[in-house]
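Here are my notes on this one, for you to read with the coordinates open. I've kept them as numbered points.

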Amino acid sequence: MPKSAKKRKDKAADFSKTRLKLGKGKAVATNAIDTSFKARSIVLPTQSIAVEKDTSEPITRRQLSFGDLISHLKHYNAGTRKDAILGLRELLDTNWELIDSSLTTLVNAVVRIIGDEDAAVRKQLLSFFTWLLPRIPTADLIPHSPLLLLFTTSAQTHIFPEIRIDAIRFLDIFLECIPEAVIAGWCENSDGHGSRVLGGYLGILNAGTKYGETDGPLKATSTSSVVLTPASKLVVLRSFSTFLRVALSPLDFNLGFQHGNSTHSLNAWFMKNAFPTQQAHRAFEKLFDSTCLPDSQKQHSSRSWQAEVEPEDEFGDFFVQSYPLVEAKSDPWTFQGLAIAADVSGVSETIYNARLAQINFIAHLAKTLHSTIIETYLDCAPSVFSPSSRPSETEVQLVVTIARIARSLYHVVLQSSEQVDNVHIEHLESIVNYMAPYFPTASEDAKFDQFYEEYNLIFCELTSLLVNTSRSNSSRSAQKRKAQDKRIQAASSKLSIQTERVTQYVVRRLRGEAASGTSQQIVTMLNPSAYLALLPTMWAMINNPSLNQQGTHELMHATLDHALKVTSKSACKRLTIEFVARLNLLGSESPYQGEFKVSKDPAVKAKLETWFLHLPQVLWELGSANLPTTETTLRILLRTLQRQFKPSSQSEIMASLQSRLLPYFYINHPNRGPLSGPFRKLPSSSPRIRLLALDVMATILSLSKHEGENFEGLSRAVGSAVSGEEEEQYWAHVSCSSMNKK
């Protein structure tokens, strides 16, 4: 068989001669050895024998110092940058003293990777900031806030959407640690960090706005058309909601208690529409000021003036007087202080103008975001509230977050202006109308209960805003009313239906029943946050009986029944006492212009008397366990006795009250003999509460003196309770003064 062509060719190649081509060099032999080489210089300054290492410098387990890790943050390899962040956390965790001397170097290095293109590096930096920043005092972080926010706002406008979303996550950390720096200048026509942060939010949401323009068409700040996933949109909207809550808190009293401490004194901002001026409302609220709160939480509108008279002066005794219960903790005004105050009186007008400009900006922002709010809500609501499908947690949170944003904006817009633009009322009406078909809502999944309850509470608050705004705008001219008669009539009809449903929901919650229209069978009692959130709605319905007279009557009785049913040691007790006390005392205020009147309903009046007589039981059960609630209860007793009681017509109530208060000071046990009441358990570190209790007793003695009753037993009981105490002399003074009054 002949050989193949390949084998013949290979055999011939061994004996063939390579031809030389013109212009080509001689070919290299196949057995030639290449002896060429290349050399590169390697610089290792830290390994030089001429440099002595500092063995005392802290290092990581990989033998890297702080300087090494900082240099690795600039490495071209993403894994090296990530390992450098891990090494910094390891090094600072064991050597925290480095932060004092190296904070500036650290911040200057890490801010440059906020917009890193590698997702693992950004994720590790987020974890590092979450661990590091809360541990650093705010005063030390503030000087570095411009640099942190500069790189973060730059990342907000990055070409890659995932970097923008991570920039929002960095803002969440900054809003927790340095919120004032993040919102600084947010609604001003300036290049402040707050305005750039807001612009970044709007750009990601594709909402857009033009700063400095409150009228005219809106101009987008971003030309991107990236469609966010539900998870990414939730990150942006939740962060934006937090940003608005922090930025609007100085303008909106309502935001303070949404995420605040429920143990603080009630701020009844929602009742200001029942008074002709803010001064009248502030004077009414001052009746309930608590001395247990720090000065920063009080809103002092005035200070006590003290005459500058030397004690040794001939007339010093006539001018210098001491009132232990009314002395403020701060220094009193002097003539010099009054002169300084007069010089700066013009500042108030500047502050008013600045506040007005802020409200106008917020109104424009609410108008800008209206379409985004509606669009996001309509995208998620059908699947969230569908009875045949199980919603995703992301969509549920999206619905609640968008409702929070609407509440934050419209609370400021509608409550801060005397005459609200109809555009904002129409926008809020549209939001409420879209939310109404799903109210009230409940879930069969327990993990969604908190979100659905918040949704119901926000709907109630937005409805109460509409009720209050519609009433305040009812004084418009007749011509405007005629021109918009059909629209107003249709809106009023819808609002009446919504208020009826809201009233039924609130009544059921106060009674501990399941809301109608839901499949929920077991309902927990109202917690302090939920009760506090319902108060504006309760007042709006009670003060507008024309909307639903029967429902208002039922709501008032449910409010009083709930106030009586709540136990003395419940976290809601103080809030119920303060709210019902305001309802009870409104009638005694001459500037009050609301529609609610206690005297109109004898049943409500009788139930209020029952509530008032149960307050001594609250004092007895509390003892010294809850001093703020004890002080609030004593103050309510004192104010009610001073402003409402007429001894000639309420002698039975006075006799019942003194018999119920007697055991609070002195008990004559049939077996154990005389015993001290809970009054003696009040700590000596709170003398003002003790003095307040003695003032209540002195007022009762004074009123009984007017009636001709003899409450000597009460006087002796209080005298024995204060015997040997610091308040004994004070009681002797006030009791003698009250008994000598005619």
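Helices here (H or I, at least four residues) and strands (E, at least two) are DSSP runs, numbered from the N terminus.

1. Ground rules before the details. This is a predicted model, so local features need pLDDT of at least 70, side-chain atom pairs count only at pLDDT 80 or more, and totals for chains, interfaces and linings use all residues. Residues are numbered from 1 along each chain as its sequence is written, and side-chain values use heavy atoms, with hydrogens and water left out.

2. On confidence: pLDDT (the predictor's confidence in each residue, from 0 to 100) averages 79 over the protein, with 76% of residues at 70 or more.

3. Have a look at the cavities. A cavity is a set of points on a 1 Å grid over the protein atoms alone where a 1.4 Å probe fits but cannot get out; lining residues have an atom within 4 Å of a point.

4. Helix 16 (347-384), helix 17 (393-415) and helix 18 (422-435) each supply at least two. The lining includes Ile 373, Tyr 377, Ile 402, Met 435 and Tyr 455. By class there are 10 nonpolar, no polar and no charged residues; Ala, Val, Leu, Ile, Met, Phe, Trp, Tyr, Cys and Pro count as nonpolar, Asp, Glu, Lys and Arg as charged, and the others, Gly among them, as polar.

5. Two backbone spots to check. Phe 439 and Pro 440 are joined by a cis peptide bond, omega about -10 degrees, and Pro 440 sits in the loop between helix 18 and helix 19 (449-472). Gln 63 is not a glycine, yet has a positive phi of about 65 degrees; its place is in the loop between helix 1 (5-13) and helix 2 (66-72).

Terms used. On a 1 Å grid over the protein atoms alone, a cavity is a set of points where a 1.4 Å probe fits but cannot get out, and a pocket is an open set with protein on both sides within 12 Å along at least five of seven lines; lining residues have an atom within 4 Å of a point.
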